[in-house]
Amino acid sequence: MAPFLRILGIETSCDETAAAVVERDAHGRSNVLSDVVLSQLDEHSAYGGVVPEIAARAHVEALDTLINEALQRADVSLCEVDAIAVTSGPGLIGGLLVGLMTGKAIAKAAGKPLYAVNHLEGHALTARLTDGLSFPYLMLLVSGGHTQLILVRGIGQYERWGTTIDDALGEAFDKTAKLLGLPYPGGPQVEEAAKTGNPDRFDFPRPLVGETRLDFSFSGLKTAVRQTAADIAPLTEQDVADVCASFQRAISRTLKDRIGRGLQRFRAEFGHLDEQPALVVAGGVAANLEVRATLKALCDKYAFRFIAPPLRLCTDNAVMIAWAGLERMATGVAPDDLDVQPRSRWPLDSNAQALISYGKRGAKA
């Protein structure tokens with residue numbers, strides 16, 4: 001039986017600065033003592049997207065204060081935590097450097113082990129924190145940087161069943177919003193505009209629907225939206241609403257096909273499981289109600305549990321980083337050396353073929 005553990009988590013991979021203190025008891029149950037997140041939305045909104053240099057500078061200015069606040073809210077000192085867990089990839093290299101260097105300094109000064117956590121692993125394991133989920137299960141990660149369908153077999157055991165071959169789903173939402181003149185961040189703006197739109201007005205493409213492979217593609221859909229907007233310009237408010245509604249409809253039907261095939265594959269490979277299988281959705285796009293409704297209906301059809309952690313744990317946060325560190329610690333994974341380096345690219349499944357690009361820092365997806 002694993003011992004009682006407590007970890008300080010740090011997250012700075014993109015445009016949220018976050019710190020948290022989380023506990024794991026001997027039975028694997030979680031207790032979130034503090035969860036502090038500072039969004040940089042105001043700093044980046046004028047540019048229509050995240051500016052890496054601004055993000056890194058904002059992390060430098062805020063991180064020490066947030067860590068102190070997280071410890072104070074948890075009513076613990078550094079002496080009372082068992083380890084430091086910090087995101088070391090993937091993400092914007094400037095932000096990763098800020099968080100990792102801070103985590104190293106704290107670990108060195110306090111004499112605590114350091115766990116350099118893969119941000120994606122944090123998402124993958126969140127459902128175990130919130131729902132006590134057993135392995136194996138499927139996870140759909142849909143965010144501004146990632147769209148992946150991943151088999152989660154265990155701690156450090158991940159198989160990528162599908163990934164985007166071009167744009168991530170969150171990126172497609174943001175770019176669609178931008179070309180329609182909607183403010184940043186684009187995802188919530190598209191969803192809001194779609195509420196008053198006609199989803200049947202435009203028949204947008206649904207890339208890869210019908211194919212047996214479980215990958216995703218959203219570039220063609222984004223291009224179709226751009227061409228349609230140009231054809232009917234100047235756009236009225238109703239035009240924008242109709243484009244957004246039709247765009248969301250195409251997304252939903254694409255996910256219905258792609259994820260439906262994934263659920264069938266899981267059933268075929270793990271039909272022997274005693275427990276009901278589960279699909280976990282994580283990432284910022286998991287907040288979209290139409291996406292959630294589509295996935296929930298699929299899970300009902302194939303008798304899967306549908307697990308969507310609370311929104312604050314779907315987007316970037318330090319709770320999931322702390323929890324990933326706790327899970328690794330509890331299973332006996334050795335801590336990282338203090339010379340560990342940040343990785344802007346760090347796929348969960350290192351054996352999967354890179355479909356987007358491959359650079360000096362490794363596979364993008």
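Biologist: What do the side chains of Glu69 and Arg73 meet in?

Modeller: Side chains of opposite charge can pair when their charged atoms come close. Glu69 and Arg73 meet in a salt bridge, 2.4 Å from N to O. The term needs a side-chain nitrogen of Lys or Arg within 4 Å of a carboxyl oxygen of Asp or Glu. This is a predicted model, where local features need pLDDT of at least 70 and side-chain atom pairs count only at pLDDT 80 or more, while totals for chains, interfaces and linings use all residues. Residues are numbered from 1 along each chain as its sequence is written, and side-chain values use heavy atoms, with hydrogens and water left out.

Biologist: Where do Glu69 and Arg73 sit in helix H2?

Modeller: They are four residues apart in H2 (residues 52-74), so about one helical turn separates them. Helices are DSSP runs (H or I, at least four residues), numbered from the N terminus.

Biologist: Is Arg328 buried or exposed?

Modeller: Arg328 is buried, at 11% relative accessibility. Buried means under 20% relative accessible area, exposed over 50%, partly exposed in between (1.4 Å probe, protein chains only). Arg328 forms a salt bridge with Asp336, with the closest N and O atoms 3.5 Å apart. Asp336 is partly exposed at 24%.

Biologist: How many salt bridges does a search of the whole structure find?

Modeller: The search finds 20. Arg24, Arg128 and Glu327 are linked in a network of salt bridges.

Biologist: At what angle do H5 and H7 pack?

Modeller: Two packed helices are described by the angle between their axes and the distance between the axes. Helix H5 (residues 169-179) and helix H7 (residues 219-231) pack at about 10°, axes 10 Å apart. Axes are lines fitted to C-alpha atoms, for helices over the stretch in contact, and angles run from 0 to 180 degrees between N-to-C directions.

Methods:
Helices (H or I, at least four residues) and strands (E, at least two) are DSSP runs, numbered from the N terminus.
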